[in-house]
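Opened the model today and kept notes as I went. Here is what I looked up, roughly in the order I got to it.

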Amino acid sequence: MATIMGIPGLKTFYLMQILLERSDEEHPLNASALQKILDREYGVTVNRTTIYSDIAKLEDFGLDIVLCDGKTKGYYIGSRQFELAELKLLVDAVQSSKFITEKKSRELIAKLETLCSQNEGKQLSNQVMIYRRAKTSNETIYYNVDMIHTAIYQNRQIAYQYVEWTVRKETELRHGGAFSEVSPLLLIWDDENYYLIAYDEKAEKIKHYRVDKMRSMRILEQERSPRALEEQVDPVDFSKKTFGMFGGEDSAVRFTGKNELAGVLLDRFGTDIWMRPLDDGHFTAQVTVTVSPQFFGWLTAIGSGLKITGPEEVKEKYRAYLEDILESAGK
């Protein structure tokens, strides 16, 4: 590290920076080491008595400085805003999230490393491995998320264009590039994607949109629709009943299933659903589901051990779904 021109009056702050950046339980710094760093890198000469005095001031300020009396004596920062284990979890979340670009992932992880000591930061660096998985190349999502939060806080509508993928693996604007205007309600993280839940005044209903597919977003002067403010959307319930964030009509669907499949329903819909034993080997349950092909696909993957018993119109839709698959397989 290059020597900088230190200001003697700031020596206490330099000392705090040194302890925060370079000390931890495995790497304590004694008074002699702190003296040398202050002199060599900050150009500030102090004696040991001053070091002890400044450490006392920093402790009075609220910094958790621990004196290590073991084989290696010295001072280190005890508790920090984030523990190393917490930072490791955050690093894992950042690098595995497909909606965060590889460039932004590395930037965020580098910032997380500044929240621990340099030696602990090396552990985070060694942990980093950008997975070979699909990661978005659209960096506007970060600004979209921020703008949506701002619009909700300011009670304003937003306008945006929406894109979709083509068979050429390119995105193109839907509806000829026309702008849509909606009243944003909340953001939901589902299946590794951000979704905006908003009220569409023209359609007079709640809709959801992939945030990474929204372009040219802007906040409008118009306040959100009064109808939007009347809508009570529970993000947890919304995610439970919606499969793959595909829309459809909500329905209270009844099931019978083998006892060993009870956990499948409880894991998906939560433990507050209605469920009762039917006989020694089976149960019956009822859950509110957004009926869609994605829901039927989920049910099909479970197999014959879980069956829809009602309502009749949902059973008919499921039969039609299966018949269509069989017909396609037979061609």
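**Entry 1, the end of α7.** I began where α7 stops: asparagine 155 follows it, with a positive phi near 60 degrees. For the record, this is a predicted model, where local features need pLDDT of at least 70, side-chain atom pairs count only at pLDDT 80 or more, and totals for chains, interfaces and linings use all residues. Residues are numbered from 1 along each chain as its sequence is written, and side-chain values use heavy atoms, with hydrogens and water left out.

Helices here are DSSP runs of H or I with at least four residues, strands are runs of E with at least two, and both are numbered from the N terminus. Helix α7 covers residues 140-154, and its 15 residues reach 21 Å from first C-alpha to last. That is close to the 21 Å expected at 1.5 Å a residue, the expected span being 1.5 Å times one less than the number of residues.

Which residues of α7 are buried? I got Ile141, Tyr142, Asn144, Val145, Ile148 and Ala151. Buried means under 20% relative accessible area, exposed is over 50%, and partly exposed is in between (1.4 Å probe, protein chains only). The buried residues of α7 pack against α5 (102-113), β3 (156-165), β5 (180-190), β6 (193-200) and β8.

Next I went to strand β8 (residues 214-223), where glutamate 223 lies. What does glutamate 223 touch, not counting residues up to four places away in sequence? I found Asn155, Arg156 and Gln157, with contact meaning heavy atoms within 4.5 Å. The C-alpha atoms of glutamate 223 and glutamine 157 are separated by 5.8 Å, though the two are 66 residues apart along the chain.

I moved to α1, which has 12 residues and reaches 16 Å from its first C-alpha to its last, close to the 16 Å expected at 1.5 Å a residue. Its buried residues are Thr12, Tyr14, Leu15, Met16, Ile18, Leu19 and Arg22.

How do α1 (residues 11-22) and α2 (residues 31-42) pack? I noted an angle of about 110 degrees, with the axes 11 Å apart. Axes are lines fitted to C-alpha atoms, for helices over the stretch in contact, and angles run from 0 to 180 degrees between N-to-C directions. The two helices are therefore roughly perpendicular (65 to 115 degrees; under 35 is roughly parallel, over 145 roughly antiparallel, and the rest oblique). On the α1 side, the contact uses Lys11, Tyr14, Leu15, Gln17, Ile18, Leu19 and Arg22, and on the α2 side Leu34, Ile37, Leu38, Glu41 and Tyr42. By class I get 8 nonpolar, 1 polar and 3 charged residues. Nonpolar covers Ala, Val, Leu, Ile, Met, Phe, Trp, Tyr, Cys and Pro, charged covers Asp, Glu, Lys and Arg, and the others, Gly among them, are polar.

Then I checked α1 against α3 (residues 48-61): about 75 degrees, axes 10 Å apart. These two are therefore roughly perpendicular to each other. Lys11, Thr12, Leu15, Met16 and Leu19 of α1 meet Thr50, Ile51, Asp54, Ile55 and Leu58 of α3. That contact has 6 nonpolar, 2 polar and 2 charged residues.

Still in α3, I looked at tyrosine 52. It counts as partly exposed because its relative accessibility is 40%. Leaving aside neighbours within four places in sequence, tyrosine 52 is in contact with Ala31 and Tyr75. The C-alpha atoms of tyrosine 52 and alanine 31 are separated by 7.6 Å.

Tyr75 took me to β2 (residues 74-77), where Gly74 and Tyr76 point one way, Tyr75 and Ile77 the other, and all are buried. Strand β1 (residues 65-68) pairs with β2 in the antiparallel sense over 4 bridges (pairing needs at least two DSSP bridges). The two form a hairpin with 5 residues between them, and isoleucine 65 stands opposite isoleucine 77.

Last stop: 4 strands in the order β10-β11-β9-β12, an open sheet with antiparallel pairing. The edge strands, each pairing on one side only, are β10 (274-277) and β12 (306-310). Neighbouring strands are turned by 30 degrees against each other on average, direction ignored.
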